[in-house]
Amino acid sequence: MVDDVAIQVEELIKRYHDVVAVNGISFKVNSGEVFAFLGPNGAGKTTTVEILECLRKPTSGKAYVLGFDISKDQREIKKRTGVLPQNFNTYERLTVKETVQYFAGMFDKRPDVDGLIKLVDLEDKKNAQFHHLSGGLKQRLGIAVALVNDPELVFLDEPTSGLDPKARHGVWHLIDGLHKEGKTVFLTTHYMEEAEALADRVGIIHNGKIVALDATDRLISEYGKKNLLILRQTTAKAVPTIEKLGVKANFDKNSGDVTVHLNHAVAVSDILHALSNTDTPFGELQLKRSSLEDVFLNLTGESLGEENEI
Amino acid sequence: MSHVVLDLKASVKTFSRNKSTMFWTIAFPSVLMLLFGAIFSQSTMKYDLYVQNQDMANGNGTYWSQTLITVLNSTNAFNIQTVNASINATDYALTNRLSSLMIIPSGFNDTANMAIFTHGLTSANVTFVYDQSQSSSAIVQSIVTGIVDKMNFDLSNGVNYLKIEGFTIAPRRFSYIDFFLPGVIGMTAMTTSIFTAVSISARFKENGVFHKLATTPLKRYEWILSRTIYNVLISFLGMAVMILIGTLVFNLKIILDAVSVLMVAMASLMFTGVGMIIARFVKDPDGADAAANVITFPMMFLSGTFFPLSQMPSFLQGIAQVLPLTYVNEGLRATMIFGQSQQAIFNTALITALGIASIIIGSLITKWEED
């Protein structure tokens, strides 16, 4: 283990009777990065993260968290990591402030409780009891609780699952803040836009196996579709005009749209200029970028859907 | 230890802010006690006492044997049932599953006269045949002993040369509420401890609180210790409220000593362990409540909480003998109402042993982390 590696996993396997939830995965997470474990529900994300949190025992394989062996050094790992489980819950009738104080006490720490509450923007709710908070506020409190021991590494398991878009973006903002503070964040999610927005690197897990692992841009570049330019309400003569530039284009008679398969050789501005020079009309244009969804589809033949969690 | 205190404080805060829990723990038993007390406070509580008088003369009991029976009858503590002097008393007690039978032996009158004449150089003895598996036998025996001692004191004109010294149980009328108070304290300790242990464990398991706690340095045994102390404190609170109502509303003379306090603490420990064992096998909070009801409801009615065991059919009395709440109720009755702490020691020891066993089993099978 070198100091700049926060997590190292080697040939990790977890079986539940006949079901193989995690099937011999190996990967590293660098210190200070946001690493997203992306996959559909049931892919093995939660099982993996719970093994790394020392909550489950692996069937075989090795894993080191902050240099500590998960099979021997659970106490050291727990002292140095923060965990936001899926759907954070606690004593329902403790207030926000009491909840932070309670968990801080469990770590024998005296953090700046008000500062943590301010960090997650719950100052107005600090005297509200937990059961009165919305799902988004509970998750934000969960993040504050995950930080009470000033951890080097934070595990966030599906931090925005079930939240509305506004609450989701609030949590993203907090995770981005943790990244800027230099903390290592291990994030599991089945939202590809979440991984794209937050992660430095993404590991895609499917049926217990890692099918791809790289920086987000590189994954899209390598495994995604080409970017598309769609010209609405145009004519068939746009196709030869565009193809003269060295890119492929298709005309859809029914919609009157032309779809252009972009490549690195041609800029969108060149296409627009050519259309203008030939007086080819078009109503509007739409640029479709390839995403991690396309990467996942390309790699697994499936889309990221809601399945049963293991 | 700081983790235990921290979790205990969180639990107490949660309790104090939860009106529903407060109702079921404090208000409900109080209402029950007030209602039952108001309905049955005029009725006296009597135990069956079987008496075989072998000291007969001309077909009638001798003077002292008849006097003893009359005094026992006058206390209103017993329904005196006469057993024919010609039959084998022990066989009769066994056949009829009697909890206790008093035998006044032949010559009792002469021996009593001799004892009075010699100022205690001899003594007149009665034989007490009892079934120690039936908890009411200890209570009956203790009342009879107290009454006989009182007679001895009266006969000796205040000169204390009898061996039982300072044993001053006075013949006293025991009302239903005397019977009910220890029962409702035992019942509260049971329901509070089982329901709290079962529902908290099931809820924390389902909503992921155990999962979160497992990621902190808090140890499982620290949490279990905190929950156990919490349940004991809540049971003490219930006990205090019941005693207050019993004293202020029903003018009961309640004896609160170390044995009764220990009994409530150990009962709470035992039922917390039972709750944890149940919680291990239920899948969700709804199932937990149902399972807790299945355990507590029959126990509440079959353990002599509301009515004496002697009033139940014999097969139900047999069932009562294997229910731990029976021993809690009878032990509390012996010490709090009859002032017979020594009679409650067996029950307290039994409940302590069961408590330690159940809490150890409960602790071992309660899991936070998955396999």
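Me: How many Å separate the centres of domain 1 and domain 2 of chain B, taken over C-alpha atoms?
Reply: This is a predicted model, in which local features need pLDDT of at least 70, side-chain atom pairs count only at pLDDT 80 or more, and totals for chains, interfaces and linings use all residues. Residues are numbered from 1 along each chain as its sequence is written, while chains are lettered from A and ligands numbered from 1 in the order in which they are written. Chain B is divided into domain 1 (2–41 + 175–365) and domain 2 (47–155), with bounds from an automatic or database domain assignment. Between their centres, over C-alpha atoms, lie 37 Å.

Me: Which residue of β13(A) stands opposite A:F251?
Reply: β12(A) and β13 (residues 257–261) of chain A pair in the antiparallel sense over five bridges. Opposite A:F251 stands A:V258.

Me: At roughly what angle do the axes of α10 and α14 of chain B cross?
Reply: Helices are DSSP runs of H or I, at least four residues, and their axes are lines fitted to C-alpha atoms over the stretch in contact, with angles from 0 to 180 degrees between N-to-C directions. The axes of α10 (residues 258–281) and α14 (residues 341–365) of chain B come within 7 Å and cross at roughly 30°.

Methods. Helices (H or I, at least four residues) and strands (E, at least two) are DSSP runs, numbered from the N terminus. Two strands pair if DSSP finds at least two bridges between them.
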